[in-house]
Amino acid sequence: MVSPNSSDPVGGAAASADQPRPIKDVVIRLAGNSQDGIQTVGAFLARLAGRSDQDVMTYMTIPSTISGGPSIFQVRMGTGDILSAGDQADVLVAFYQHSYEDHLEALRPGGVLLYDNDHVKPNPDDKRFTAVGMPITSRTIEAVGGAAKDKGKNLLVLGLLARIFQLDVAKLTALVKERFGGRPEDVVRNAMLAFDAGYAYPADNIRDCFFHLEAAARTSTRPQVTMDGNQALAFGLIAAGVRYGAAYPITPWSSIMEMLRTELPKYGGTFVQAEDELAAVSYALGAAYAGHLAVTGSSGPGLSLKMEALGWAVMAEMSLIVINVQRGGPSTGLPTSVEQSDLLQAVYGSHGDTPRVVLAPKNVEDCFYIALEAGRIARRYSTPVLILTDQSLATRIEAFDEPDLAGLMIEAKPDLVERGANFKPYPLDRPTRHAPPGTRTASGKFPNVTGLEHDEDGHPSGNPAMHARMTARRREKIKALGASLAPPEVHGDPAGQVLLIGWGSTWGPVREAVNRLRQDGVKAGQLHLRHLHPLPAGLQEIFARYRDVFVVEMNDEGLYGFGQLAMLLRARYASPTIRSITKTDGLTFKVREITDGVARHLEATNSEVTIPPFSS
Amino acid sequence: MSSTAPTLAPPTNNAAPARPPLTRKALAADHPTWCPGCGDFAVLAAFQRTLEKLQFPQESIVLFAGIGCSSRFPYFVNTHGGHFIHGRALPIAAGVSLSREDLHVFVFGGDGDGFSIGGNHLVHTARKNVRITYIIMDNFVYGLTKKQTSPTSPFGFKTKTDPTGALDQPINPMRALISSGASFVARSHAAQVGHMTEMMERAARHDGFSVVEILSECVEFFPGAFDAANPRKSGAFTLIEEKTHDGSPADASRHDPTDEVAAFHLATRPWPGVFGVFYETDRPTKNRLEADLIARTKEQTAGKSDLQLLQSTFARLR
């Protein structure tokens, strides 16, 4: 239906009553206000898809107001790889007039508009969609009754969607009961009353729009888990052996610290809500100094506040994981929107020469695995490791194969084995392996960790040669990490006309864009960078195989016409073939925006390659 | 003096291999870089004497400091420790304290580090009652950067940043600490090694956030600042007489360190004020409360391993 790969039309005269039509995947956009619980419905659909072995991805926007305000939740589910939340929706559920007006253009022509006719008056002349009105609000009040008023209309919509898409009602009701488990009995009862009312809504009105999602054909035998990116990161940290951390609340980072505050005590650990960002990174460094793998995190403005301490962590060579859930900036900016504009801050922020490691997860599943990798690198190289995720990944729900926890889980304990007589905290010929407090030393001398330039023993040293040697030492270990990284794989054509480079959450849309370019006859490949600093070896050879290299990222093209990663790559490889496709509207990339960006560049350079404008 | 924390007492396990007593010689490290005559030398001597008395295992002692002359302290004592950034010694030390119950954590610093750039952390570490002993060497001036106004510089004190005299009212450290919720607040003078040692020992044995402010003269940039409290310079070192609860008539007029309001009144005495323990209370530490939270949480998880815990969480996310 929605998918460009599917030719099956939806809605309109061709529909045959009563016989649900098979579809491969579907994009449903729920538009209402933030207190309507549409995220809850979206999350139910996502989890159901995960349990049904289907692939799923969600997308949401949240108002930054304290309570209320327009909000959407979009869920795309189906068979095969779901790489993005979908450029356009197949079904729009509009709770209010503003939902209808603001989101109608997000609905694909021929799609289904489901609206609450208690609140929405659609334009009767607009014949592009199959419009189905139902009294969602009054139906809910009728079904639930009592003091609940229209609370529960989200569940009514869920029931309606379950009917339309022939969803597995037994699984769905089990999910609803799990979700409200532990709450008063009437909460579950009201939820089910609303759900049933939606499911039983007279079908005549909508029977033209019944669909059936094709059975999934997953090859993996592992069960799927369904969660958002912040959850995956938090659990990844726990699997990596993180037991201590500290932070200060800031959107959209806060949910990670909330989870860790709840989860870590189960594992014998502690997460501290610090008085400010400076204290937060300092607490975490205290735990790191004490011999633990520790974490702090924030969003852009908070990362700026941590920068001085981060400089100390580089100088003192402390293992630390620092998470930055990027949002729109600068300053308070767009706190509930997405941007990838903290890359240069992550790589070069702080004072002095401060080489450190910067990683970025590509999707929700990768949030889990990148936390493990960050832990391994932080320990091995005694260095801070920054993880750059973003608002869209933080709130996006995906299903993925349950990780093999038994094979991955790290049991971390401070290493307090007595150190030998030749122990030095900062040896010139070896990597730093700190002796945490509590460790005895054969020499009877105990080490100091310090932010002053120091000699091998950690004594302050203003010796010019020593500063040069120690600066080199801190740089070379990061270079050694870069040299050890395998070159990333290229998706699509291994050589040809266009290479699209992305990082972070744009992995899915860029992949879909490459797939579409190739369908259109362009020889195109995708190179996705998870390691942003240091860069893996072998990139130059990959770039050389393509005529044009476009770096796709959600930040400004800057004064010189290049986004932040493009700047780094041009500085590193001095290649004029590297150019930028950027955007700054605070929303995730649509696939079409990327293919259009490629087309614009190629037209501007009078390329012989022509790309037909994308049509969905 | 209230009961001291059993967890902070030196180990009495007879089965442990005997180790030589901790001496000042074993504690000696780099030679201090302070100016000749600096009050901090005496603070260092008193601290080493305190450690000799406490006999904590040497490897379990951790010293942290921020930035300033006095913040060089960790280099001069042979223990584990670190030299952190300006004003943030308390939160890094709190991270150590909260993640390692086996350690004895001390923080050293000056008035700029503690009351100015680190002022917020002082308030919150006190409020949270993190198990740390904090020794503030207060010299009323920025010494390392060569004579700028400090948050405790007296009104009218001439510095390079206030050439016509300081305009801002100075902080009263005792009042600030008491009202922030510090559970042990004491004051001493660098010319009184015996008194400093006594205050440091009591602070170190206190189960909670304990602070000793020590008036420590900067001979270079504020000479004579604390003569008014130095008997050898015709000053008066007035000690706080603490209640002994012996029922005697004299005891009625003595100070009850558990009385917060009385402590606040003592802190408002005119310069040079009084010395000793202003306030001491037995309040649950964050260390204890977090440990209790862990214990309560673990009771509910019924002895599951870390792996089993995470596996059951993932099972719920299927």
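I take two strands as paired if DSSP finds at least two bridges between them. With that in hand I looked at S3(B), residues 104-110, and S4(B), residues 132-138: five bridges join them, and the two strands run parallel. In this pair B:Gly110 stands opposite B:Met137 of S4(B). I note at the outset that the model is predicted.

**Entry: the sheet around that pair**

Which strands are at the edges?

I then looked up how S17(A) joins the strands of chain B. S17(A), residues 448-450, pairs with S2(B) in the parallel sense, over three bridges. There A:Asn448 stands opposite B:Gly81 in S2(B).

I also looked for helices lying across the strands of chain B.

**Entry: where chain A touches chain B**

How many residues does each chain put into the contact? I read 53 residues from chain A and 45 residues from chain B. On the chain B side, the elements giving two or more residues are S2 (80-83), H3 (89-99), H5 (119-128), H9 (286-300) and H10 (306-316). H3(B) gives the most, with eight residues. By class, I get 20 nonpolar, 16 polar and nine charged residues on this side of chain B.

**Entry: domains of chain A**

I looked up how chain A is divided. The assignment gives domain 1 (21-213), domain 2 (226-408), domain 3 (417-484) and domain 4 (490-604). The C-alpha centres of domain 1 and domain 3 of chain A lie 58 Å apart.

**Entry: a second sheet, in chain A**

I traced an open sheet of seven strands in chain A, in the order S11-S10-S12-S13-S15-S14-S21, with mixed pairing. The edge strands, each pairing on one side only, are S11 (270-273) and S21 (531-533) of chain A. On average, neighbouring strands of this sheet are turned by 20° against each other, direction ignored. I checked one pair in it: S10(A), residues 244-247, and S12(A), residues 294-298, run parallel and are joined by four bridges. A:Ala247 stands opposite A:Gly297 in S12(A).

Two packed helices are described by the angle between their axes and the distance between the axes. I applied this to two pairs.

The axes of H7(A), residues 229-239, and H8(A), residues 254-263, come within 9 Å and cross at roughly 40°. These two helices are therefore oblique to each other. H7(A) passes H8(A) in a right-handed crossing. The residues of H7(A) in the contact are A:Asn230, A:Gln231, A:Leu233, A:Ala234 and A:Ile238, and those of H8(A) are A:Ser255, A:Ile256, A:Met259, A:Leu260 and A:Glu263. I sort the residues of this contact into six nonpolar, three polar and one charged.

For H4(A), residues 153-164, and H6(A), residues 185-199, I read an angle of about 40° and axes 6 Å apart. That makes H4(A) oblique to H6(A). The crossing of H4(A) past H6(A) is right-handed. Among the residues that meet are A:Leu155, A:Leu156 and A:Leu158 in H4(A), and A:Ala191, A:Ala194 and A:Phe195 in H6(A). The contact divides into 11 nonpolar, two polar and three charged residues.

**Entry: backbone exceptions**

Most residues other than glycine have a negative phi, and most peptide bonds are trans. I looked for departures from this.

Where are the cis peptide bonds I noted? One runs from A:Gly329 to A:Pro330, with omega near 0°. A:Pro330 is in the loop between S13 (320-326) and H12 (343-348) of chain A. Another runs from A:His533 to A:Pro534, also with omega near 0°. A:Pro534 lies in the loop between S21 and H18 (539-544) of chain A.

In chain B I noted B:Gln55, which has a positive phi of about 55° although it is not a glycine. B:Gln55 is in the loop between H2 (40-54) and S1 (61-65) of chain B.

Notes
Residues numbered from 1 in each chain as written. Chains lettered and ligands numbered in written order. Predicted model: local features only at pLDDT ≥ 70, side-chain atom pairs only at ≥ 80, totals over all residues. Contact = placed C-beta atoms within 7 Å. Nonpolar A, V, L, I, M, F, W, Y, C, P; charged D, E, K, R; others polar. Domains from an automatic or database assignment. Axes fitted to C-alpha atoms, helices over the stretch in contact; angles between N-to-C directions. Parallel < 35°, antiparallel > 145°, perpendicular 65-115°, else oblique. Left-handed = near helix turned anticlockwise from the far one by under 90°.
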